[in-house]
Amino acid sequence: MQRVLFHSTIFGPIHSRRLGTSLGVNLTPNDGKICSFDCLYCEAGFNAQGPGTTGMAPRAEVARLLEEKLSAMRTEGAVLDVITFSGNGEPTLHPEFPGIVDDTLRLRDRYFPVAKVSVLTNSTRLASPEVCAALERIDNNILKLDSAVERTMRLIDRPNDPGFSAEAVIERLSRFAGTGIIQTMMLRGEWEGERINNTTDAEVEALAEAYRRIRPREVMLYSIDRQTPARTLEKIPAEELRAIGSRLSASTGIPVQVN
């Protein structure tokens, strides 16, 4: 079974193809996965591997570890473009997420004031006013929308909450008009006898309509880069991905970054 990628609360820095030199913050366990989605393409593996034994690091521990790393990097003269909340699951599930965001902004300002703070979120916690307020305080609020078609979204993302819907999340994403960044994974493949493809004309048109409703600052369009737990998925060729990005940008007027 494919397992989690990150075995510490603070990891990297690593080079992100979308964000530059990134120091990672993993708010989920270091030896297991906690997520409100169970995406077929998740590099950290399926949720079936379990939550592990370490639990989520408390707020004070996250701040201590982050400060130690930032201080050491500054002493070394290292370059840092961004501090990114990512890891082995959904960061906004941490019960102290808003406070951790505040600590991170404070430490960023102290050690690397030109660096950005980014959160990669699957958008499942946008019903929480506290989570939304925290996301509004950061530089790069990167929100997932893999399909605007209900059936396709459920096949790809496999949300834990049976009440989660594409329509509801599109409405909630519109709160971040002009500031949020929408991240969409494009793929094709098959899983348990179901054909999956969010690159069809109908899917692309549905995404365009959703983007027009949400009015994000930017769209990040990407495809598979590493091994996925569902081995039957297909990476979209770069030329095709660029063509989809150009089509979406032309029909919405929204900048589309293709990686």
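Me: Is Arg59 buried, partly exposed or exposed?
Reply: In this predicted model, the relative accessible area of Arg59 comes to 33%. A residue counts as buried under 20% and as exposed over 50%, with partly exposed in between. With a relative accessible area of 33%, Arg59 is therefore partly exposed.

Me: Which side chain meets that of Arg59 in a salt bridge at 2.7 Å, N to O?
Reply: The 2.7 Å separation lies between the side chains of Arg59 and Asp103, which meet in a salt bridge. This pair links distant parts of the chain, since Arg59 sits in helix α1 (residues 59–76) and its partner, 44 residues apart, sits in helix α2 (residues 97–111). The side chain asked for is that of Asp103.

Me: Why are Asp103 and Arg106 separated by about one helical turn?
Reply: Asp103 also forms a salt bridge with Arg106, the closest N and O atoms being 3.6 Å apart. Arg106 counts as partly exposed, at 40% relative accessibility. The separation is about one helical turn because Asp103 and Arg106 both lie in helix α2 and are three residues apart.

Me: What radius of gyration does the protein have, beside that of a compact globule?
Reply: For 259 residues, a compact globule would have a radius of gyration near 18 Å, and the protein agrees with this. Along its principal axes, the C-alpha trace spans about 50 × 40 × 35 Å, and buried residues make up 54% of the 259 residues. The radius of gyration of the protein is 18 Å.

Technical notes:
Residues numbered from 1 in each chain as written. Predicted model: local features only at pLDDT ≥ 70, side-chain atom pairs only at ≥ 80, totals over all residues. Heavy atoms only, no water. Rg over C-alpha atoms; globule rule 2.2 N^0.38 Å. Buried < 20%, exposed > 50% of the residue type's maximum accessible area, 1.4 Å probe, protein only. Salt bridge = Lys/Arg side-chain N within 4 Å of Asp/Glu carboxyl O. Helix = DSSP H or I, 4+ residues; strand = E, 2+ residues; numbered from the N terminus.
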